[in-house]
Each structure stands twice: as structure tokens, then as C-alpha cells.
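User: Please examine the model shown below. I should like to work through its features by question and answer.

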Amino acid sequence: MPITISQVLATGTLARGPQPTIEAEGGLVLRPWRDDDVPAVYAAFRDPTIQHWHARVAESEDEARGWMKEWRDAWDAEQRASWALVAADTGEVVGRTALRSLSLHEGLAEVAYWVLPAARGAGIAPRAVAALSRWALDEIGFHRLELQHAVGNMASCRVALKSGFALEGTKRSALLHADGWHDCHLHARVQGDRRPEA
């Protein structure tokens, strides 16, 4: 059956070049993961707050290393894109941001993120999500970015709103966490949306 709608982003849009480093406001850098980041990823997935809102738990640094290889390989396969959030002045990893569920055909992706405990409360996640969104929408040409979080995760709701993702509605019983099914908020940004104030 012929498709009558052109693909929004051509196959190879991401994989034809190396994963970029993206600068965010306030001395924050989004860069590809490196082997020496393993301890930070392991620590993140041992943190109770991150565990509460994610399905994965790291059993060892070797397991975290395997995930990071998956994240790097996913760039070449144009399935996902994941960045380390790094303090520009120290090089310290403070979190992660990512594009999941990429559809180049539809120009659609889902934004995800976490921040390590010592870096929380400093506005890192909204700055990282805003920078990633500008890159994805303005430079690459994605049409729509979605952001979903459990309704009870109010910190993620604040991140979404601060980084310009409008709340579009509630999806009932849509996210499964260790403690059961959660309703989730669906937020989105599309090309042409007004950028959030810095």
C-alpha cells in the first residue's frame, strides 16, 4: 500500500554523523556517554527516587556499562539518543537526558531525564530539557516532542512546564512502576511553540 505522506526526517538524519555535544544555559553540557561515566550511571540507578519512577535497577557497574553501550549503539540505529548531563566547569556527571521512541517517519520522539541527588533543586533538568528540545526541534527538524510522567511525580511535572511542554491531558493507568499502574500526564512541544523564558 503506497504511503501518501512524506517522511518528516530522512533515514540517516542522526546516524550520518557523530552524536553532538549540546550546550545548555547555566554552565551545563549535554555530551555523549563515555566509559568513565559508569560509576555515575550505577549510582543513579541505585538511588531510591530514580528507582521509584523507573523500571530499571543497576545490579552492578558491569550492568550499567552494558546499558551505556546500548545507549551509544541506539544512536547509530536511530532508535534512541541519550546524553550525560555534565557541569561544564568540573566535568562532573549530574544527570541524563534522552530522546526515546524515535520515529523519524513522523518526526516524533519522547523526552526522558533524571538528575543525581546531589544536583537536584538547581534547575538542571529544565535547562537540559529546554536545550535538548531546541536542538531536536530547531536544528534536526523533529515536529513533536512528548514528555510523560506519573501524575504523582510532581517534580517531573514542574520540569515539563518550565521547559515549555504544555500539559495536554491525563492518560489513565498508562505507566507501570514497581508499586503498580499509574495515571500519567502527557506534555508536548511542537515546532513553532513559544520558547520558555530563561
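User: How many residues of strand β3 (residues 81–87) are buried?

Analyst: This is a predicted model. Side chains in a regular strand alternate between the two faces of the sheet. In β3, Ala81, Trp83, Leu85 and Ala87 are buried on one side, and Ser82, Ala84 and Val86 are buried on the other. The strand is therefore largely enclosed by the rest of the structure, the number of buried residues being 7 of the 7.

User: In β4, which residue is the bridge partner of valine 86?

Analyst: β3 and β4 form a hairpin with 5 residues between them. The two strands pair in the antiparallel sense over 6 bridges. In β4, the bridge partner of valine 86 is valine 93.

User: In β3, which residue is the bridge partner of valine 29?

Analyst: Strand β2 (residues 28–31) pairs with β3 in the antiparallel sense, over 4 bridges. Within β3, the partner of valine 29 is valine 86.

User: How far apart are the end C-alpha atoms of helix α4 (residues 124–140)?

Analyst: The helix has 17 residues, so at 1.5 Å a residue it should span 24 Å.

User: Which element gives the largest share of the lining of the largest pocket?

Analyst: The largest pocket is lined by 39 residues. Among the elements that give two or more residues to this lining are α4, β4 and β5. The largest share, 6 residues, comes from β5.

Notes:
Residues are numbered from 1 along each chain as its sequence is written. This is a predicted model: local features need pLDDT of at least 70, side-chain atom pairs count only at pLDDT 80 or more; totals for chains, interfaces and linings use all residues. Side-chain values use heavy atoms; hydrogens and water are left out. The expected span of a helix is 1.5 Å times one less than its number of residues. On a 1 Å grid over the protein atoms alone, a cavity is a set of points where a 1.4 Å probe fits but cannot get out, and a pocket is an open set with protein on both sides within 12 Å along at least five of seven lines; lining residues have an atom within 4 Å of a point. Buried means under 20% relative accessible area, exposed over 50%, partly exposed in between (1.4 Å probe, protein chains only). Two strands pair if DSSP finds at least two bridges between them.
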